[in-house]
Amino acid sequence: MIRRIILDCDPGHDDAVAIMFALGRPEIELAAITTVGGNQTIDKVTRNARGILALCGREEIPVYRGAERPVLRQVETAPSIHGETGLDGVELPIPAAAERPQRAAQAIVEIVRESEPGSITLVGTGPLTNLALAARLEPAIVNRVREVVIMGGGIYEGNWTAAAEFNIWVDPEAARIVFDEPWQVTMVGLDVTHQALATSAVVDKAARINTPTGKFFVDLMRFFQESNREAFGFADPPVHDPCTIAYLIDPEVVRTQAAPVAVETRGELTAGATVVDLRAPAPADCHTRVATQLDRERFWELVLDAIARL
């Protein structure tokens with residue numbers, strides 16, 4: 001079954017790979033891209049999203065600018081990881097298509113409302129501000145969305161702080177709204193995405209694709225490897241965001257289990273933490289799932305196949 005998705009993102013090196021992954025696989029139909037301030041400012045990530053679509057020859061896909069700041073907090077970006085452009089290390093073409101006039105939350109509401117119930121999956125690979133705003137703007141969409149799949153959080157791990165992953169930490173109030181709504185939420189967190197390492201073998205395989213998108217991936221990973229080594233000590237960079245797309249293509253690649261998830265918003269040291277309750281089997285009415293395992297070999301087969309198809 002083809003999954004029709006809205007990809008809410010803040011490109012971002014790993015977001016760029018997620019976009020290419022979604023574009024290059026027949027199991028995914030990318031209905032729209034919505035952008036959110038996160039890895040860089042809203043102007044930069046929106047320009048990056050449009051540039052990636054131009055590179056891939058898919059500028060018919062609409063791009064909607066979203067929230068430039070969190071619901072309650074100040075803007076936080078990650079230039080130490082993604083550089084001053086949000087995509088340092090690569091050159092993007094100048095996009096020919098303009099962004100659409102609607103803002104992201106309104107676009108999400110309109111697309112979900114105009115689609116068959118259960119036909120749209122929301123994929124969030126940045127802070128969850130737009131998804132929270134859309135749910136508050138039109139609560140009726142919650143029952144019409146098939147699933148919400150996010151890259152964020154972690155069962156046992158944090159990265160931006162000792163307790164919290166970046167996307168959740170930037171806007172924990174928005175994340176709490178998204179997790180607390182009664183739609184199906186699947187959290188693909190650091191416990192799994194830290195296994196999605198772009199090793200030298202992976203980069204070498206991408207280089208052999210010998211296409212503009214293959215070269216783009218290689219250049220992305222060269223910068224991303226260095227920034228992750230300096231910031232976190234990774235020998236090879238974890239490519240977080242495409243794990244959400246892999247889950248949608250084949251749930252055997254990203255295994256999940258039902259578990260209650262709560263988002264901490266007030267802790268002095270724990271704001272943004274995703275508290276996953278694994279003490280007992282999840283109750284029958286649990287609407288949240290967490291990723292627990294990644295088939296790394298199959299994951300990279302799918303990603304590189306998509307890049308080659310483009």
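How are α9 and α10 oriented relative to each other?

## The α9 and α10 pair

The axes of helix α9 (residues 200-207) and helix α10 (residues 212-232) come within 8 Å and cross at roughly 150°, where axes are lines fitted to C-alpha atoms, for helices over the stretch in contact, and angles run from 0 to 180 degrees between N-to-C directions. The two helices are therefore roughly antiparallel to each other, a label for angles over 145 degrees.

Val-202, Val-203, Ala-206 and Ala-207 in α9 meet Gly-214, Phe-217, Val-218 and Met-221 in α10, contact being heavy atoms within 4.5 Å.

Beyond its neighbours within four places in sequence, Phe-217 is in contact with residues including Val-17, Met-20, Trp-300 and Leu-304.

## Helix α7

Seven of the nine residues of helix α7 (residues 172-180) are buried, so this helix is largely enclosed by the rest of the structure. Its buried residues are covered by elements including α5 (129-137), β5 (145-151) and β10 (288-294).

## Basis

This is a predicted model, in which local features need pLDDT of at least 70 and side-chain atom pairs count only at pLDDT 80 or more, while totals for chains, interfaces and linings use all residues. Residues are numbered from 1 along each chain as its sequence is written, and side-chain values use heavy atoms, with hydrogens and water left out.

Technical notes:
Helices (H or I, at least four residues) and strands (E, at least two) are DSSP runs, numbered from the N terminus. Angles under 35 degrees count as roughly parallel, over 145 as roughly antiparallel, 65 to 115 as roughly perpendicular and the rest as oblique. Buried means under 20% relative accessible area, exposed over 50%, partly exposed in between (1.4 Å probe, protein chains only).
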